[in-house]
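Here is a short briefing for a first look. Keep the sequence and the structure open as you read.

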Amino acid sequence: RRRRWWWKLQLQHCLSLTGDRRTGLHMADTGLLESLLRLLEKVDGGTDSQDVAADLGVDHQVIVGAVKSLQALGEVISTEQKSSKHWELTGEGREIAEQGSHEARVFNAIPDEGLPQNELMKMPSGKVGFSKAMSNKWIRLDKAHEGGPRVFKTVETIEDTVRDKLQLVQKGQSAKLEDKEKNELKKRKLLSEVTVKSYWITKGSSFSTTITKQETELTPEMIASGSWKEKNFKPYNFEAMGVAPDCGHLHPLMKVRTQFRQIFLEMGFTEMPTNNFIESSFWNFDSLFQPQQHPARDQHDTFFISDPALAHEFPQDYMERVKKVHSEGGYGSQGYKYDWKIEEAQKNLLRTHTTAVSARMLYKLAQQKFTPVKYFSIDRVFRNETLDATHLAEFHQIEGVVADYGLTLGNLMGVLHQFFTKLGITKLRFKPAYNPYTEPSMEVFSYHEGLKKWVEVGNSGVFRPEMLLPMGLPEGVSVIAWGLSLERPTMIKYGINNIRELVGHKVNLQMVYDSPICRLDS
Amino acid sequence: MPTVSVKRDLLFEALGQKYTDEEFDELCFEFGLELDEITSEKDIISREQGDEKAEGASDVVLYKIDVPANRYDLLCLEGLVRGLQVFKEKLEAPRYKRVSPADGGEPQRLVITDETASVRPHAVAAVLHDVTFTQERYESFIELQEKLHQNICRKRTLVAIGTHDLDTISGPFTYTAKPPGDIRFKPLNQSKEYTATELMSLYKTDGHLRHYLHIIENEPLYPIIYDSNGIVLSMPPIINGDNCSMLLNLKSVFCVCLQAKTTLDMVVTMFSEYCEEPFTVEEAEVVYPDGRLCVYPELAYRTETLSGDFINKRVGINESAESIAQLLTRMCLRSEVSGEGDLIQVEIPPTRADVIHACDIMEDAAIAYGFNNIVRSTPRTYTVANQLPLNKLTELLRQDLAAAGFTEALTFALCSEEDIADKLRKNIAETRAVHISNPKTAEFQVARTCLLPGLLKTLAANRKMPLPLKLFEISDVVLKDETKDVGARNNRRLCAVYYNKSPGFEVIHGLLDRVMQLLDVKPDRNQGYHIQAAEDSTFFPGRCAEIFSCGKSIGHLGVLHPDVISRFELTMPCSAIDIDIEPFL
């Protein structure tokens with residue numbers, strides 16, 4: 001998830017507030033902050049927040065709060081968290097530091113004439129104090145005394161070492177005690193060892209002993225009054241991300257389509273009307289000299305239409321010529337020598353390639369005085385194929401067609417070279433291939449620097465005379481063409497492995513939001 | 001594209017040269033083949049069935065080579081080697097000859113009876129005499145028939161091939177058709193006799209044969225071939241008889257092909273190499289029901305004459321007629337300069353049925369020259385580019401819809417009937433939808449008639465994204481239209497949805513106003529656009545309006561009906577707009 005810079009600022013602010021709340025200190029209470037800074041000014045190499053607390057005579061937690069307030073001001077101080085072990089009085093320990101040890105209290109309660117034992121035992125410190133004072137040999141017990149057992153002092157004065165030791169700890173001078181002594185007091189539950197988190201405070205890069213309130217943002221009022229000149233501004237956190245602009249996004253495949261369209265337009269190609277997904281077998285196959293038993297015309301490869309099942313209108317003369325070239329040949333061809341059926345040609349289908357549109361366009365071109373043309377299209381085609389991570393039942397085909405007198409195979413390679421150069425692909429080579437409606441047919445390979453091998457990037461060829469001549473195109477006219485899919489270059493460009501994340505409703509919208517602009521040549 | 005798998009070492013032995021994988025790949029590329037995979041039987045088994053099953057399988061290196069779909073002469077090791085050797089000028093293309101029986105005897109004869117009229121009244125036959133098979137050659141022979149069955153024979157629907165050990169049968173042979181109940185024989189690899197009816201149910205579960213049953217299953221008569229003693233050769237296109245099945249040490253092969261002489265030519269030319277006199281095939285006579293007698297195999301050679309200039313101009317090279325003739329000869333098209341100008345006589349052998357036009361010869365010249373040796377040049381064709389107005393408008397609108405804060409979706413043009421009807425509370429009969437006859441799943445029943453279902457499904461797949469979700473698509477839907485030659489047309493539409501905790505009708509309405517502003521259409525009841533309350537079952541009652549531009553209805557906008565929302569597995573209110581953009585061209 002994106003973190004936003006203001007979010008981080010707010011969080012910081014929030015931290016300093018919690019610090020303040022904990023200590024009951026407000027930002028306005030600059031007195032303490034300035035005392036801290038003055039103290040820091042005098043020491044070289046920094047000081048510990050615990051020492052500051054001791055020096056200023058305030059609770060350590062108050063200093064912790066002050067440090068947090070100073071942190072929020074930017075680089076006034078820099079701090080480092082430390083933790084140290086520390087001896088502290090327990091509740092009972094504090095009581096003893098104030099009122100003396102139980103044994104001392106017992107001793108002091110006994111007048112010279114002694115005290116009955118049962119009375120002494122009623123004192124709060126009676127039980128513990130009695131046994132301790134006894135073992136210190138400060139007092140003695142006369143069991144046989146008339147009127148019951150009675151306690152007497154045995155010494156004039158005593159020294160209350162327990163209290164003295166505890167008072168030392170209270171003053172933060174626990175180091176003066178030996179470990180053995182401290183452990184004994186710990187055993188008596190008068191002392192405990194605690195871990196104290198403190199700060200090691202040093203001067204920051206913008207250290208100053210006076211506190212000026214920092215402004216978060218520049219305001220119109222500051223600009224108007226010029227007060228910004230005197231203000232100190234809270235530093236920005238440049239590590240955080242900015243706020244995402246509230247905008248819409250274009251789909252990556254469509255962005256790539258736009259670029260391919262642009263390339264064709266730059267090369268002088270005119271866009272063909274491909275807005276007809278439903279096509280007859282005639283234009284999709286027969287007009288392209290694809291025989292009626294060709295496997296591509298199988299139910300397994302092509303979506304046929306049940307409603308409207310048949311196309312009902314064809315250019316009659318042309319259809320007769322197509323029938324003849326398939327079944328008997330002509331135009332210098334042997335033909336396929338089979339019984340061509342109009343019923344097969346009439347079958348409607350979802351076009352399997354945009355070349356069906358190229359055929360319509362070339363037929364149309366042949367009906368007028370010939371002028372050279374360059375055509376292109378990028379649109380959907382449909383295949384009734386097995387679906388996997390890189391194949392869907394529909395995809396976009398990119399197609400380019402050039403018709404002119406005397407075009408050569410070398411010309412086709414030249415055009416392909418120019419086209420692929422615009423895609424940033426300059427290393428091309430061509431492999432002989434087979435395609436029912438082009439001869440020669442070439443697969444286009446480009447050298448993939450990452451994979452260190454030649455990969456197929458498109459298909460191309462010269463349309464067969466058996467396709468062109470029945471249309472009525474002049475004998476000397478050659479038509480060169482090539483095609484590729486839009487999805488494959490897009491998946492490579494945007495690093496997408498599963499086509500479903502790109503095309504269709506299962507698209508990952510986050511991917512759409514995050515996808516960069518498309519420059520195919522970089 | 002068919003793939004031929006050959007043993008590498010056997011291939012190199014036949015080529016008389018060893019190649020590295022890279023070198024061989026390069027040779028394939030140049031010749032128009034593709035070295036698709038380098039593997040072994042062991043690798044294949046372990047990949048398909050696990051390492052355990054692969055234990056003990058052969059690890060002889062196999063090359064899987066993709067062959068162009070029209071080159072049936074390259075579908076076996078013999079053909080590949082012959083093609084490559086001629087290409088490398090290490091071998092001259094052989095001349096295939098049809099000969100009479102060596103011992104001066106009568107040729108084998110196949111008589112076709114009238115009954116075959118209802119099945120396939122055509123068959124051709126030939127004999128490979130005195131042939132020497134090894135294990136490898138035998139396997140290759142069987143494999144070629146299988147490859148041909150899958151390709152040129154279109155999974156045996158067009159052509160069926162049968163090859164039999166001639167020493168176990170005796171002619172003349174009869175090709176007839178009988179009711180399945182009357183046919184009874186012991187089929188290949190079975191130990192007892194079955195009737196044809198029994199066989200059809202026996203093979204229902206056979207992984208391989210069940211795919212061919214449909215070809216004759218519903219015919220009243222099944223095709224069947226007998227020898228003079230009533231031994232069944234085969235019941236094409238399903239199975240051969242067991243008695244005459246081929247074994248390694250056979251002497252002569254009787255080949256029968258139903259329907260196509262090209263296929264027969266292919267089988268016999270490839271393996272006549274192993275005959276006592278290589279590349280000869282013994283003839284066989286076929287007597288047709290009308291009494292016609294034909295002799296096969298045809299092994300016809302055809303000569304085409306074309307000029308060197310034609311090749312040079314089409315390919316874009318400048319070679320002498322002599323050198324072009326040499327190039328073509330390397331492609332098994334024996335050629336020579338005729339002496340008349342730059343005319344070249346090209347002989348097309350029976351193995352090259354793919355050569356049907358001068359352009360096929362031109363391609364072979366280009367392949368032999370080397371595609372990658374041809375100089376690349378820019379055509380001088382001068383043209384001015386034009387955009388299709390509909391696509392130009394679409395491109396411009398897309399940009400501005402994204403600028404308006406909506407994100408572009410790209411949804412499928414095919415969907416289920418339910419998507420465009422039930423889920424939108426519409427009746428399928430009223431949608432004008434184009435229906436697909438052979439969908440593999442419900443996802444491809446119809447072409448979409450509106451863009452809305454795709455956008456709603458996109459929302460459903462992205463419910464985890466922060467709200468609001470604002471999507472649009474400008475694309476084609478398909479509607480039946482009698483006025484078009486195919487009875488249907490595309491319609492370019494703009495659809496957008498707003499999905500949030502509140503319906504946001506005003507957001508979608510605002511988008512309409514913005515789109516109209518972009519299209520320079522003012523809000524005006526007569527000359528501009530306006531919306532008007534409407535009832536549409538997809539929308540929440542009272543929350544739908546019809547959009548008019550210059551008095552013509554162009555679409556709807558509104559808050560979707562709660563049932564529509566839940567049927568698309570959504571939980572929040574949603575408003576939508578759907579308009580036709582073609583009136584704005």
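**A hairpin in chain B**

B:Glu336 has B:Gln345 as its bridge partner in E20(B). This is a predicted model.

**Strands around E20(B)**

- Strand E19 (residues 335-337) of chain B pairs with E20(B) through three bridges, in the antiparallel sense.
- E19(B) and E20(B) make a hairpin, with five residues between them.
- In the turn, B:Gly339 has a positive phi of about 100 degrees.
- Strand E20 (residues 343-348) of chain B also runs antiparallel to strand E18 (residues 302-307) of chain B, and six bridges join them.
- One of these bridges has B:Ser307 with B:Leu343 in E20(B) as its partner.

**Domains of chain B**

- Chain B is divided into four parts: domain 1 (3-88), domain 2 (97-296), domain 3 (302-367) and domain 4 (389-584).
- Between domain 1 of chain B and domain 2 of chain B, the C-alpha centres are 28 Å apart.
- Their contact takes 12 residues from domain 1 of chain B and 16 residues from domain 2 of chain B.

- How much area is buried between domain 1 of chain B and domain 2 of chain B? The area is about 1,200 Å², and carbon and sulfur atoms give 62% of it.
- Three residues stand out on the domain 1 side: B:Tyr72, B:Glu78 and B:Arg82 supply 51% of the area that domain 1 of chain B buries against domain 2 of chain B, more than any other three residues.
- The rule finds two salt bridges across the interface of domain 1 of chain B and domain 2 of chain B.
- B:Arg82 and B:Glu273 meet through their side chains in a salt bridge, at 2.7 Å from N to O.
- Six residue pairs are in polar contact across the interface of domain 1 of chain B and domain 2 of chain B, both residues at pLDDT 80 or more.
- On the side of domain 1 of chain B that touches domain 2 of chain B, the elements that give two or more residues are strand E1 (3-7) and helix H5 (77-87) of chain B.
- H5(B) gives the most to that side of domain 1 of chain B, with four residues.
- By class, that side of domain 1 of chain B has six nonpolar, two polar and four charged residues.

**Where chain A meets chain B**

- The contact joins 106 residues of chain A and 92 residues of chain B.
- Chain A and chain B bury about 8,200 Å² between them, with 56% of it on carbon and sulfur atoms.
- The rule finds seven salt bridges across the interface of chain A and chain B.
- A:Arg380 and B:Glu473 form a salt bridge, and their closest N and O atoms are 3.7 Å apart.
- Between chain A and chain B, 50 residue pairs are in polar contact, both residues at pLDDT 80 or more.
- Which helix gives the most to the side of chain A that touches chain B? Helix H17 (residues 409-422) of chain A does, with eight residues.
- The side of chain A that touches chain B has 48 nonpolar, 37 polar and 21 charged residues.
- Strands pair between the chains too: strand E11 (residues 305-307) of chain A and strand E23 (residues 435-436) of chain B are antiparallel, over two bridges.
- A:Ile305 stands opposite B:Ile436 in E23(B).

**The sheet in chain A**

- Seven strands of chain A form an open sheet with mixed pairing, in the order E9-E13-E14-E18-E17-E16-E15.
- Strand E9 (270-271) and strand E15 (428-435) of chain A each have a single partner strand, so one side of each is left without a neighbour in the sheet.
- Within the sheet, strand E13 (residues 373-382) of chain A pairs with strand E14 (residues 394-405) of chain A over 10 bridges, in the antiparallel sense.
- A:Lys374 stands opposite A:Val402 in E14(A).

**Salt bridges over all chains**

- The count over all chains comes to 58 salt bridges.
- One joins A:Lys82 and A:Asp48, with the closest N and O atoms 3.2 Å apart.
- A:Lys82 is in strand E2 (residues 77-89) of chain A and A:Asp48 is in strand E1 (residues 47-48) of chain A, so the pair ties together parts that are 34 residues apart in sequence.

Conventions. Residues numbered from 1 in each chain as written. Chains lettered and ligands numbered in written order. Predicted model: local features only at pLDDT ≥ 70, side-chain atom pairs only at ≥ 80, totals over all residues. Heavy atoms only, no water. Domains from an automatic or database assignment. Contact = heavy atoms within 4.5 Å. Buried area = accessible area lost by both parts, 1.4 Å probe. Salt bridge = Lys/Arg side-chain N within 4 Å of Asp/Glu carboxyl O. Polar contact = N/O pair within 3.5 Å; in protein donor to acceptor, adjacent residues only side chain to side chain. Nonpolar A, V, L, I, M, F, W, Y, C, P; charged D, E, K, R; others polar. Pairing = 2+ DSSP bridges.
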